[in-house]
Amino acid sequence: MAVKKLTAAKLKKFEELIRKELQESRSYIDKTNQDQSKGARESAGDLSSYAFHQADQGSDTNLMEQTVMLMEQERDKIRLLNDALNRISEGNYGICEICGELIADTRLEIIPYARYCIDCTAKEEGKKRYRK
Ligand SMILES: [Zn+2]
């Protein structure tokens, strides 16, 4: 039985895709960090005694929470993308970790860090729903 594996050309294509997404996530985080430290300095200047009590400024707080959430998502994504790069070097990228079948190219193009094929993802999500 032949070992299931993506061709070298495909691996290279997905590796480039992953590196591109990593770059985008990292620059988003860098940019947001810069904006936040700039914002913190500005509000410290305005209201030095209230720098840590911005409860009145509801919209600012929501925006900050949203930013924190987005940053978390980007960090998660970076972790997943790095895992995917590891799988490329280990030679098991693009193979479903549950059933061992190849993950469809169309799926990897949308989610280059996917670890399961569409069938197994659906089954896993079905299980989660039942566990409730
Ligand atoms: Zn599978």
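Modeller: Helices are DSSP runs of H or I with at least four residues, strands are runs of E with at least two, and both are numbered from the N terminus. This is a predicted model, in which local features need pLDDT of at least 70 and side-chain atom pairs pLDDT 80 or more, while totals for chains, interfaces and linings use all residues. Residues are numbered from 1 along each chain as its sequence is written, and side-chain values use heavy atoms, with hydrogens and water left out.

Biologist: Which pattern does the protein chain follow along the sequence?

Modeller: The secondary structure comes to 4 helices and 0 strands. Read along the sequence, the pattern is therefore α-α-α-α.

Biologist: What percentage of the residues of the protein chain count as buried?

Modeller: Buried means under 20% relative accessible area, exposed over 50% and partly exposed in between, with a 1.4 Å probe and protein chains only. The protein chain has 132 residues, and the share that counts as buried is 25%.

Biologist: Which residues coordinate the zinc ion?

Modeller: Donors are N, O and S atoms within 2.8 Å of the metal (3.2 Å for Na, K and Ca); water is not among the atoms, so sites may look incomplete. Here the SG atoms of four cysteines lie at 2.3 Å from the zinc ion: Cys96, Cys99, Cys117 and Cys120.

Biologist: What is the arrangement of the 4 donor atoms around the zinc ion?

Modeller: Four donors count as tetrahedral if all angles lie between 85 and 135 degrees. The 4 donor atoms subtend angles of 106 to 116°, so the arrangement is tetrahedral.

Biologist: How many residues apart in sequence are the parts that Cys96 and Cys117 tie together?

Modeller: The donor residues are spaced C-x2-C-x17-C-x2-C. Cys96 sits in the loop between α2 (58–90) and α3 (105–110), and Cys117 in the loop between α3 and α4 (118–131), so the pair ties together parts whose separation in residues is 21.

Biologist: Is Cys99 buried, exposed or partly exposed, and which of these is Cys96?

Modeller: Cys99 has a relative accessible area of 37%, so Cys99 is partly exposed. Cys96 has 3% relative accessibility and therefore counts as buried.

Biologist: How many disulfides does the count come to?

Modeller: A disulfide is a pair of cysteine sulfur atoms within 2.5 Å. By this rule the number of disulfides is 0.

Biologist: Which residues form the aromatic pair?

Modeller: Rings of Phe, Tyr and Trp (its six-membered ring) pair if their centres lie within 6.5 Å; planes under 30 degrees apart count as stacked, over 60 as edge-to-face and the rest as tilted. A search of the whole structure finds 1 aromatic pair. Its ring centres are 6.0 Å apart and its planes stand at 50°, so the pair is tilted, and its members are Phe14 and Tyr93.

Biologist: How many residues apart are Phe14 and Tyr93?

Modeller: Phe14 is buried because its relative accessibility is 0%, and Tyr93 is buried because its value is 1%. Phe14 is in helix α1 (residues 8–46) and Tyr93 in the loop between α2 and α3, so the pair links distant parts of the chain, with a separation in residues of 79.

Biologist: What is the distance in space, C-alpha to C-alpha, between Asp119 and Cys96?

Modeller: Asp119 is in helix α4 and is exposed, with a relative accessible area of 52%. Asp119 and Cys96 are 23 residues apart in sequence, and their C-alpha to C-alpha distance is 9.7 Å.

How values were computed
Tetrahedral: all angles 85-135°; square planar, octahedral: opposite > 155°, others 65-115°.
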